Amino acid sequence: MAVQDAPRTAGMTALQRAPAAAKPARRLPVQKDWPFWAIIATQVGILIAIIALWELGARAGIVDGFFWSQPSAIARTFYIFFTEGDAWTDISFTFRSTIMGFVIGTTAGSLFGLSFWWSRNYAAVVQPYIICFEAMPKLALAPLIILVFGLGIVSKVAIAIALTFVISTLTTYAGVKAIDPDGEKLFYSLGASRWQVFRKLVAPSCLPWIISVLRVNIGLALTGAIVGEFISSQHGLGRTIFYAGSTYEIALVWVAVFVLSTLAVIMYAAVSWLESVLRKGTKQ
Amino acid sequence: MPVKVHLERIGMAFATPNGMFRAVAPLDLRIETGRFVSLVGPSGCGKSTLFNIIAGLMQPTEGRVLIDGEDATGTIGRVGYMLQKDLLLPWRTVLDNVILGMEIQGKPLNEARERALPLLRKYGLSGFEYLYPNSLSGGMRQRAALLRTLLFDTDVILLDEPFGALDAQTKLQMQEWLMQLWSDFRKTVVFVTHDVEEAIYLSDEIHVMGTRPGRILETIPIAISRPRLRTTALSPEFLVIKERCMSLLSASGPALEAA
């Protein structure tokens, strides 16, 4: 006992020799949560402050009203845009091209991704092309797409498809590759056909992967539609922004950006809702 | 008793960069109808390869698989095969998972469900029928997977370490449960395990396997009368068999691993 005790006591004294005052007891940092209304009130307060400073700055000549416009002018333009302007035509044009691009691009891309399950050789042959297309900045193709598909809505949809297609393909293909080979084994041991394995195992397994790109794709589809409108279009919020910018109607730029953001938020919320519904269906 | 499954000079070899690798030496194995037969052996003795061959998921390089005297080499859907993992589909309820085999065989869903429901209730899954697998415990998931295998109406079922991942307590319960199922359904069962005691407790016959290449070292009949009690594991005849198995396994190479 004594022999064992000796080094322990030595250690103790070494510890005790350290000056106690050098290391004050530290408490777990605690963060107090604000009530919900306080958060909201602060957020609204900040927004009002920014708008007020902007307006006052523009009136006092600190902010250049020609380049930045000012909230009162923007509000006036907003009113005119909706009462006398093409607001609803533009919103509907941008909305339709985004949704069509989103639906077609996501569906076709996912089906293409699923198709790789059918043949390893086919997947191996096609894959480099997909990766090249993925790496390519698709927006660089936009002028060409406009030339081919014309000034109407088709070219905007085509650009939105170009942006959403590949990411759906690659994500779905990742889902296909993640399928447990033992799952396939189980199906085949039950005497399943290729088609049964595809329908009852492969497609449902990939569904969560497909769902996971929906939110990204709605943003991409919107970007595609807007860029198409920038380049050449007769309608759409993108065209409004581009046109207002080139004629120095900065207030109208702000109005269109605001409307566009609202549209984006609404579509994003809708897709999030769709996602939660689908996820409930897949139970994962 | 008639032979249900006959592995006739079955052998398996793979081409590797260092030449041919022999996974299974040509071996002969006869499994009689209605018997519970275990394959026990260390990792890499070719148990899973044999299962894949019997299930038609792998083509043997030599020999034939005869089921009821008929050549079934390389044909799928002839035997029920339960893999180590439960492989329950997370987007289907327990009931719809269990009927997967019947569904694939083209049986109408309603009929399949009607057939499965009473069995789920009888064999300890009552109350879980309409739940999704993610809310089931490991033991319950194995039960569902086993019922799925049984409901795929084949005379032969292959069980590849079904209880390997369960805790000791659950494992014992599952063994009892399996015995009940087996005596109710009277299927021919081929069971793979690492656990010698489990094999002896459950089986009519044990084939002890060795590695490099995979082969059957010895076939040991278990003549202990049924139904067997837990205390059977302490009886002299049980211990003699256990000792024989252990010595065969330890002589054959790498020690037994925990499953």
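Colleague: How do helix α5 and helix α6 of chain B sit together?
Modeller: The axes of α5(B), residues 138-151, and α6(B), residues 168-185, come within 11 Å and cross at roughly 20°. Axes here are lines fitted to C-alpha atoms, for helices over the stretch in contact, with angles from 0 to 180 degrees between N-to-C directions. α5(B) and α6(B) are therefore roughly parallel to each other. That label covers angles under 35 degrees; over 145 is roughly antiparallel, 65 to 115 roughly perpendicular, and the rest oblique.

Colleague: Is that from an experiment or a prediction, and how are things numbered?
Modeller: This is a predicted model: local features need pLDDT of at least 70, side-chain atom pairs count only at pLDDT 80 or more, and totals for chains, interfaces and linings use all residues. Residues are numbered from 1 along each chain as its sequence is written, while chains are lettered from A and ligands numbered from 1 in the order in which they are written.

Colleague: Which residues make the contact?
Modeller: From α5(B), Gly138(B), Gly139(B), Gln142(B), Arg143(B) and Leu150(B). From α6(B), Thr170(B), Gln173(B), Met174(B), Trp177(B), Leu181(B) and Phe185(B). Contact means C-beta atoms, placed from the backbone, within 7 Å. By class, that is five nonpolar, five polar and one charged. Ala, Val, Leu, Ile, Met, Phe, Trp, Tyr, Cys and Pro count as nonpolar, Asp, Glu, Lys and Arg as charged, and the others, Gly among them, as polar.

Colleague: New topic. How many helices and strands in chain A?
Modeller: Twelve helices and zero strands. These are DSSP runs numbered from the N terminus: H or I of at least four residues for helices, E of at least two for strands.

Colleague: Is chain A a compact globule or more spread out?
Modeller: More spread out, because its radius of gyration is 29 Å, well over the 19 Å that the globule rule gives for 284 residues. The radius is taken over C-alpha atoms, and the rule is 2.2 Å times the number of residues to the power 0.38. Along its principal axes, the C-alpha trace of chain A spans about 95 × 75 × 35 Å.

Colleague: How much of chain A counts as buried?
Modeller: 32% of its 284 residues. Buried means 20 or more other C-beta atoms within 10 Å of a residue's own, exposed means 12 or fewer, and partly exposed is in between, with C-beta atoms placed from the backbone.

Colleague: Where does chain A touch chain B?
Modeller: 14 residues of chain A are in contact with 16 of chain B. On the chain A side, α9 (181-189) and α10 (194-231) each give two or more residues. α9(A) gives the most, with six. That side divides into five nonpolar, six polar and three charged residues.

Colleague: Which residue has a positive phi without being a glycine?
Modeller: Ser69(A) is one of them, with phi of about 55°. Ser69(A) is in the loop between α3 (65-68) and α4 (71-83) of chain A. Ser69(A) is buried, with 22 other C-beta atoms within 10 Å. Leu87(B) also has a positive phi, near 55°. Leu87(B) is in the loop between β6 (80-82) and α2 (94-98) of chain B.

Colleague: And Phe67(A), buried or exposed?
Modeller: Phe67(A) is exposed, with 8 other C-beta atoms within 10 Å. Phe67(A) lies in helix α3 of chain A.

Key. Contact = placed C-beta atoms within 7 Å.
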